[in-house]
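Thanks for coming. I will talk through some side-chain contacts in one model, and here it is on the screen.

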Amino acid sequence: MMLRTPLLILLTLTVVACASPRPVDHARFNEQPARSVLILPPANQTTAAQASELYYTSLAVPLSQAGFYVFPALVTQRIMQNEGIIDGAQLEHVPMSQFYERFGADMVLKTTVTQWDTSYVVISGSVTVGVQFELISTRTGEVLWQHRDRRVANTGSGNTNLLGMVLETALNTVQQDYIPLAREINQAAFARVPYGPYHPRYQTPEQYQERLRVWQEERD
Amino acid sequence: MNHATTAAGSVRSLLLACLVLTLAACASTAPRHGMYWGNYETSLYRLADAPDDRVQQQHLSNLRQVVNVSDSRGWPPPPGAMLELAMLELQMGNYDAYALLVNREYHLYPESRMYIQRWFTDVMVTPVVTEESEPADESTEAVDQAEQSNGESQP
């Protein structure tokens, strides 16, 4: 009888673990080639001059880990800079087909940094990062996926001495990297994109249709 | 008596089956393997934040490590890494390393081909015969031929 409870827990866990999560919406990714991504310089809507360049450096790795072919970040950035493009807003009116013709990219990742702020009030401070994402097909100009997120990190001090606290908060807030927050945002964002072709769990359009069918049957 | 032990036995085997299934389910969601980026992001960030020669050198050596560690583990170097390293090797005057890396990326990732043809023209216009492309398996040979018929010149 002692065995019953753990058995029940295990059974529940097993059933939960086996239940397949709702498939991420692939439909648009299956209609056109969607293997490679060109990351455009982020558009900067904040007053932090460096926000675009700094944020840009946090995108290539998680996107490649999601399974996509990502064009090399530094090379792409330098090509853009040679053309005088520093901020993504400058590319607003460039037709999407240009990014296929010049780079061979199936998709373009457009991002906008909406917040990149530090607020600092004597013994507590905080850092806020806000980003909007769009993956756009270079063949059709269609937006395949979009997402937005905003996160706040507190930079208060653990020091109990008041003067130390004041100094430390100022230091933490100044040194506080926006990047850990940006990474959290990116991670959560790309988890909502279907796996790319280099991910071990990538599904071809056919496999996806099959999985969707099974999922719908289970649900009905 | 005998009955009780059989019952306990079947409970035990059920428990075991559950455990195995649970573990298997957990394993399937474990972090994937096969991609190594090392300290790439750190030096890429520093280059954007305050570029100087020392930081660029750091980025170069981080990228070399990305490629070396990937190779030693039998993993493909991650997308774009070899091209980015190639650009930095060229700036150092290491033309052989540059050409080799561009060729590796070209053959490993078909998605890179238009990009390379457009932005790494000096390598692709006169295709460099590298150690890697020499033992050419049939698939890369077919690709090369397809390209030549597309107007690429043979050296």
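Glu210(A) is partly exposed, because its relative accessible area is 40% and the label covers values between buried, under 20%, and exposed, over 50%, with a 1.4 Å probe and protein chains only. This is a predicted model, where local features need pLDDT of at least 70, side-chain atom pairs count only at pLDDT 80 or more, and totals for chains, interfaces and linings use all residues. Residues are numbered from 1 along each chain as its sequence is written, chains are lettered from A and ligands numbered from 1 in the order in which they are written, and side-chain values use heavy atoms, without hydrogens and water.

Which residue forms a salt bridge with Glu210(A)? Arg213(A) does, with the closest N and O atoms 2.7 Å apart; a salt bridge here is a side-chain nitrogen of Lys or Arg within 4 Å of a carboxyl oxygen of Asp or Glu. Helices are DSSP runs of H or I with at least four residues, strands are runs of E with at least two, and both are numbered from the N terminus. Arg213(A) also meets Glu217(A) in a salt bridge, at 2.7 Å from N to O. That pair is 4 residues apart in helix H9 of chain A, again about one helical turn. Arg213(A) is partly exposed, at 39% relative accessible area.

Over all chains there are 10 salt bridges. Another is between Arg151(A) and Glu184(A), at 3.3 Å for the closest N and O atoms. This one links distant parts of the chain, with Arg151(A) in strand S6 (residues 143-154) and Glu184(A) in helix H8 (residues 179-190) of chain A, 33 residues apart.

Now the rings. The whole structure has 16 aromatic pairs over all chains. Rings of Phe, Tyr and Trp (its six-membered ring) pair if their centres lie within 6.5 Å; planes under 30 degrees apart are stacked, over 60 edge-to-face, and the rest tilted. Tyr69(A) and Tyr109(B) have ring centres 5.2 Å apart and planes at 50 degrees, so this pair is tilted. The pair crosses between chains, and both Tyr69(A) and Tyr109(B) are buried.

Last, the charged end of Arg118(B) sits over the ring of Trp119(B), 4.3 Å from its centre. That wording requires NZ of Lys or CZ of Arg within 6 Å of the ring centre and within 35 degrees of the ring normal.
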